[in-house]
Amino acid sequence: MVIKDNSSLPHADEIIAQQWRDLRRDVSLLDPSKFSDERRIALGFVDFVDQILDIRGLRQGGIDVDPDIYKRDGGTKIEMRQLWNETAGAWPITESPYIYMLTMETLFKFLQVDSDKTGQLILSEGSGPGLYETYMGNYLRGIGGFGVDILPVDYSEKMVTINREILSLVRQPDGKPLGNVSPAVMDIEDLSLGDKSVDQILCNNALHVVNDPKRAISEMARVIDPDGLAWLYLFIEQNSRGIKREDLLDELEAQKFVVYDLREFSTQRGQLDVVSSRLFVRAKFIPDKSGCSWRKGFGKDVTIQNGF
């Protein structure tokens with residue numbers, strides 16, 4: 001993927017390097033004693049990503065990525081899979097460190113685990129290189145595990161390969177592999193999972209780029225267990241591919257997901273310094289629930305800005 005010829009556009013390497021320098025500067029100006037627990041976790045995640053980028057040699061230059069990749073009109077599923085396979089190697093560094101931080105901070109503000117239940121399974125859809133999932137698995141293992149396993153899935157074979165490579169770098173204190181994160185190649189529109197087989201679902205910035213979002217949501221409803229925690233954590237990028245956020249929220253409700261929280265964060269420092277606005281949705285799968293609608297103000301509508 002190459003940025004279109006434009007002499008006014010800085011090289012992607014320059015943008016990426018400057019973003020990481022700026023984030024470090026911005027964080028250094030804050031008072032650590034006032035950090036929330038989720039902010040501390042998010043900054044730990046940024047440190048983790050920083051280490052992975054160095055280990056994988058992604059700071060050595062030569063990264064040219066089209067900043068409008070999410071805005072493209074989708075081709076066939078085969079074409080889109082090829083696109084993600086081609087961009088997988090550079091993808092961990094093209095994401096903005098500000099987005100890394102804000103996404104993980106938001107997720108951990110709402111993430112729930114059952115400390116009394118073993119065998120909990122979190123399905124992460126469209127997980128790409130698995131940075132979020134690997135860090136989550138390591139963090140949860142480090143604070144007691146809570147019997148949580150994470151299943152990151154992506155239909156890009158190359159993304160899943162990179163996820164496994166990154167996962168191989170993480171060890172428990174006794175030197176053993178992490179053990180609770182198991183990446184797999186899987187299409188979120190046709191999950192090879194049994195009915196009611198997962199406790200919770202994370203879908204981070206993926207639903208709006210699949211070929212058939214309604215089918216993907218239907219699959220979420222099929223595999224999530226209403227007797228588990230049954231939470232869906234969804235991040236949706238504002239994009240111009242003709243998919244409206246309102247339509248996705250309506251489809252969630254049609255499939256019996258009750259929206260509890262809507263939270264938007266935006267930053268001028270998105271991927272390759274493209275302005276980014278992402279909507280976080282926390283919804284619970286309740287098959288027999290009716291009369292609750294995000295359009296009637298059932299969910300909280302909170303807008304938070306980057307602040308940097």
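User: Where is N205 found?

Analyst: In this predicted model, N205 is found in the loop between β4 and α8, the latter covering residues 213-223.

User: Is N205 buried or exposed?

Analyst: Buried means under 20% relative accessible area. N205 has a relative accessible area of 5%, and therefore counts as buried.

User: What should I look for in the backbone angle phi of N205?

Analyst: The general idea is that most residues other than glycine have a negative phi. N205 is not a glycine, yet its phi is positive, about 60°. K196 is also a residue other than glycine with a positive value, its phi being near 55°.

User: Where is K196 placed, and is K196 buried or exposed?

Analyst: K196 lies in the loop between β3 and β4. A residue counts as exposed over 50%. The relative accessibility of K196 is 53%, so K196 counts as exposed.

User: Which loop holds D199, and what does D199 touch?

Analyst: D199 is found in the loop between β3 (184-185) and β4 (200-204). With a relative accessible area of 8%, D199 is buried. Leaving aside residues up to four places away in sequence, D199 touches K117, G119, Q120, L121, I224, G228, L229, A230 and W231. One of these, L229, is 30 residues from D199 in sequence, while their C-alpha atoms are 5.7 Å apart in space.

User: What share of the contacts in the chain joins residues 24 or more positions apart?

Analyst: Among contacts with a separation of 6 or more, residues 24 or more positions apart account for 82%. The chain has 308 residues, of which 53% count as buried.

User: Which residues make the contact of α1 with α2?

Analyst: From α1 come W20, L23, R24 and V27, and from α2 come L43, V46, D47, V49, D50 and L53. By class, the contact of α1 with α2 has seven nonpolar, no polar and three charged residues.

User: At what angle do α2 and α5 pack, and how far apart are their axes?

Analyst: Helix α2 (residues 37-55) and helix α5 (residues 97-110) pack at about 140°, and their axes are 8 Å apart. The two helices α2 and α5 are therefore oblique to each other. The crossing of α2 and α5 is right-handed.

User: Which residues of α2 and α5 meet?

Analyst: On the side of α2 are E38, R39, I41, A42, L43, F45, V46 and V49; these meet P97, Y100, M101, M104, E105, F108 and K109 in α5. The residues of the contact of α2 with α5 divide into 11 nonpolar, no polar and four charged.

Conventions:
Residues are numbered from 1 along each chain as its sequence is written. This is a predicted model: local features need pLDDT of at least 70, side-chain atom pairs count only at pLDDT 80 or more; totals for chains, interfaces and linings use all residues. Side-chain values use heavy atoms; hydrogens and water are left out. Axes are lines fitted to C-alpha atoms, for helices over the stretch in contact, and angles run from 0 to 180 degrees between N-to-C directions. Helices (H or I, at least four residues) and strands (E, at least two) are DSSP runs, numbered from the N terminus. Angles under 35 degrees count as roughly parallel, over 145 as roughly antiparallel, 65 to 115 as roughly perpendicular and the rest as oblique. A crossing is left-handed if the near helix is turned anticlockwise from the far one by less than a right angle, and right-handed if clockwise. Contact means heavy atoms within 4.5 Å. Ala, Val, Leu, Ile, Met, Phe, Trp, Tyr, Cys and Pro count as nonpolar, Asp, Glu, Lys and Arg as charged, and the others, Gly among them, as polar. Buried means under 20% relative accessible area, exposed over 50%, partly exposed in between (1.4 Å probe, protein chains only).
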